[in-house]
Amino acid sequence: MRRLAATLATIWRLALPYFRSEDRWPGRLLLAAVIVIELSIVAITVILNQWYNRFYNTLQNYDWAGFVSAILFFCVLAAIFTVLAVYQTYLNQWLQIRWRRWMTQTYLRQWLNTANH
């Protein structure tokens, strides 16, 4: 537990300056979007678990109309899940690039200002 607290403190110490910098609003929006998409993916996973129940019940009952309906519903879920997963990766990488660019500029500026070179 102590290692987890130390790791979270380190992450907080590294992340907080970026989210208070001049690039804070795009960073905050990207972080919020990534979190909302992650929660949406979790919701789709829960819906998919419920879908499994309905799908296998239709197979057990030999219900052709229910089977077709379940397959179409699965296709919609899979399409939404795929789009969300792709956008989550894209926005996450965009946030990482912005954060790394900010860190490089900030630390390089600090290093060059004190004539350490």
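Of the 117 residues of the chain, 21% count as buried, where buried means under 20% relative accessible area, exposed over 50% and partly exposed in between, with a 1.4 Å probe and protein chains only. The structure is a predicted model, in which local features need pLDDT of at least 70, side-chain atom pairs count only at pLDDT 80 or more, and totals for chains, interfaces and linings use all residues. Residues are numbered from 1 along each chain as its sequence is written, and side-chain values use heavy atoms, with hydrogens and water left out.

The overall architecture may be considered next. The chain contains three helices and zero strands; helices (H or I, at least four residues) and strands (E, at least two) are DSSP runs, numbered from the N terminus. Read along the sequence, the pattern is α-α-α. The radius of gyration is 22 Å, well over the 13 Å that the globule rule gives for 117 residues, so the chain is more spread out than a compact globule. This radius is taken over C-alpha atoms, and the globule rule is 2.2 Å times the number of residues to the power 0.38. Along its principal axes, the C-alpha trace spans about 75 × 30 × 20 Å. Among contacts in the chain with a separation of 6 or more, 67% are accounted for by residues 24 or more positions apart; contact means heavy atoms within 4.5 Å.

The packing of the helices follows. Two packed helices are described by the angle between their axes and the distance between the axes. Axes are lines fitted to C-alpha atoms, for helices over the stretch in contact, and angles run from 0 to 180 degrees between N-to-C directions. Helix H2 (residues 24-60) packs against helix H3 (residues 64-113) at an angle of about 160°, with the axes 9 Å apart. H2 and H3 are therefore roughly antiparallel to each other; angles under 35 degrees count as roughly parallel, over 145 as roughly antiparallel, 65 to 115 as roughly perpendicular and the rest as oblique. The residues of the contact of H2 with H3 divide into 27 nonpolar, eight polar and three charged. In this classification Ala, Val, Leu, Ile, Met, Phe, Trp, Tyr, Cys and Pro count as nonpolar, Asp, Glu, Lys and Arg as charged, and the others, Gly among them, as polar.

Asn92 is placed in helix H3 and, at 30% relative accessibility, counts as partly exposed. Asn92 and Leu31 are 61 residues apart in sequence and 7.6 Å apart in space, C-alpha to C-alpha. Thr45, found in helix H2, is partly exposed at 35% relative accessibility. The C-alpha atoms of Thr45 and Phe81 are 36 residues apart along the chain and separated by 8.6 Å.

The loop between H2 and H3 holds Tyr62. Most residues other than glycine have a negative phi. Tyr62, although not a glycine, has a positive phi of about 55°, and at 76% relative accessibility Tyr62 counts as exposed.

Helix H1 (residues 2-18) remains. The axes of H1 and H3 come within 10 Å and cross at roughly 85°; H1 and H3 are therefore roughly perpendicular to each other. The contact is made by Leu14, Ala15, Pro17 and Tyr18 of H1 and by Leu95, Arg98, Trp99 and Trp102 of H3. By class, this contact has seven nonpolar, no polar and one charged residues.
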